[in-house]
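Colleague: Please bring up the model, so that its architecture can be discussed in questions and answers.

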Amino acid sequence: MKCPNCGAEIPEGHLYCEVCGKEINFVPEFDPLIENRINESLSGVADDLKDESVFYTKRLPGSKANKNELKPFVVPAITAVGIIIAFIIVLMFMFDGQKSPGNYEEQAEKYYVEGKLDQAITAIDSALSTLPAEETEKRAELVFMKYEYQMEAGEKDAAINTIHELSDSSIYGDDTALAAMDQIIASYEQAGAYADIHELLINSDLTVAKEKYRKYLPEAPKIYPEEGTYEEPVNVRITDSTDGNIYYTVNGAEPDETSILYENELVLEEEGNYVIKTAIVNRYGIKSDVSTATFHLENFGPAEPTVMEESGEYTSATMIVAVCDPGCRIFYTTDGSTPTESSTEYTAPISMPVGTTTFKFVTVDDEGNYSEVVEKNYHLSYTTMVSVDQARESIIKILYKLDILLDMSGSVRGEEGHYDYVYSGDIEIAGSGDYYMFTETHVFNDGHTSDTGLLYAVNKHDGKVNRLGYDSSGNYTLITISNR
């Protein structure tokens, strides 16, 4: 068909000329559905017309109608009724055709070309309202079209509301939903509406969108160690996997940017309950979910004492210094036992004993609560100044001086032969230092020997001589030689 205005060829089914834009008024071909409706209507009319009595004049009772009188009017009447019915049906068809989604879409495109955006949007709304609900793919196409028209018309808020419908992946599928969210998020980003992006993603079930825009979904920080009851101070660490600042509270209040900024570990030392809540605020000002941990600290006593001298080897005189919190006292032992208030109280620096010594310190507060025990192991040894021969000679000299020996040869009054002092090895006396050990031997004139059972110890550093004995535990102990 040609346009009556410009003569251009008009494609079949079009209601306007694409060249000049003139609307075309003609009766389209019937589709099967419309044709059936027409046939049904005409069939009903035909049945009514079979009853010729509808065209006869009603007579008075007892009178009879003369059919021959009315025959000239029957045919024209039938023709007129048929024409009216056909006209009505054609009008119905044309009206229904103009209401189809496809025609509304064409009208929208026409208005858009003419720059009539408001009319184009209205036409798309009409297309959407007449589109069957199950045609989701076509609906998505029309919604995107309406979104573009609204954006071009400067109606950004309305456009976002329009396309928001397509973000439901359960109806329109993942691809369409993601395409819709891309448009929405791009608009929010341009406006700096990051909180709206966060809300959109939180309320979406579309995993691929959350992964793509994960920078707008800050993860809640993690709190270490695990919450619970502790009997010692707790160092609490807060870690995060998101770029931003961590804020926290310790009184159960909800954290925000006005709360305490986390920079270092939290040290919980006082008895009581601590409800730590923490959240991260990322660079977009979006706050993560809140992480919560509750710590209960029982009465675990005072802090342990601080001992200045570390365990180890020492070669010079050293003083052992220990300190504790105000209002507390320090007790210690050197025999390996656990110190109590019955042990030696520390009141001043302690001179480190020569040799190997184990010190155990404990703090006791004014309520009688004990701290953890601090153990230190020291070994103090001086440079060896005395040789084995010198040590042996020192024993003989001291015994000669005490008139135990008669001469430096080891002679003994009233006994044959002499006494000799045989080196038996090096020993360490706890708290006293390193010593040479000697065994006293009686050498008879015939040359045979016999141990007397006496032992001597000579300090390697200063040559001091002592008798050597054993304590109740079987450990070596020094005995002043004048007690022999």
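This is a predicted model: local features need pLDDT of at least 70, side-chain atom pairs count only at pLDDT 80 or more; totals for chains, interfaces and linings use all residues.

Modeller: Residues are numbered from 1 along each chain as its sequence is written, and side-chain values use heavy atoms, with hydrogens and water left out.

Colleague: How many helices and strands does the secondary structure of the protein come to?

Modeller: Helices (H or I, at least four residues) and strands (E, at least two) are DSSP runs, numbered from the N terminus. Counted in this way, the protein has 11 helices and 22 strands.

Colleague: What percentage of the residues in the protein is buried?

Modeller: Buried means under 20% relative accessible area, exposed over 50%, and partly exposed in between, with a 1.4 Å probe and protein chains only. The protein has 484 residues, and the buried share is 35%.

Colleague: How are α6 and α8 oriented towards each other, roughly parallel or roughly antiparallel?

Modeller: Axes are lines fitted to C-alpha atoms, for helices over the stretch in contact, and angles run from 0 to 180 degrees between N-to-C directions. The two helices pack with their axes 9 Å apart, at an angle of about 150 degrees. Angles under 35 degrees count as roughly parallel, over 145 as roughly antiparallel, 65 to 115 as roughly perpendicular and the rest as oblique. The pair α6 and α8 is therefore roughly antiparallel.

Colleague: Which residues of α8 do K156, I160, I163 and H164 in α6 meet?

Modeller: Contact means heavy atoms within 4.5 Å. By that criterion, the partners in α8 are A180, Q183, I184, S187, Y188 and Q190.

Colleague: How far apart in space are I202 and Y216?

Modeller: I202 lies in helix α9 and is partly exposed, with a relative accessible area of 47%. Beyond its neighbours within four places in sequence, I202 is in contact with K210 and L217. Y216, with residues up to four places away again left out, touches E189, Y194, I197, H198, L201, Y284 and I286. I202 and Y216 are separated by 14 residues in sequence, and their C-alpha to C-alpha distance is 9.6 Å.

Colleague: Is Y247 buried or exposed?

Modeller: Y247 lies in strand β4 (residues 244–249). Apart from neighbours within four places in sequence, its contacts include P255, I260, L261, K277 and T278. T278 is 31 residues away in sequence and 5.6 Å away in space, C-alpha to C-alpha. With a relative accessible area of 10%, Y247 is buried.

Colleague: Which residue of β16 stands opposite F331?

Modeller: Strand β13 (residues 329–333) pairs with strand β16 (residues 355–364) in the antiparallel sense, over five bridges. Opposite F331 stands V362.

Colleague: Which residue in the hairpin of β18 and β19 takes a positive phi?

Modeller: The strands β18 and β19 (residues 433–443) run antiparallel and are joined by 11 bridges; E428 has D434 as its bridge partner. Three residues lie between the strands, and the positive phi, near 80 degrees, belongs to G431.

Colleague: Where is the cis peptide bond from Y224 to P225, and what is its omega?

Modeller: Most residues other than glycine have a negative phi, and most peptide bonds are trans. P225 is placed in the loop between β1 (222–224) and β2 (228–230). The bond from Y224 to P225 is cis, with omega near -5 degrees.

Notes. Two strands pair if DSSP finds at least two bridges between them.
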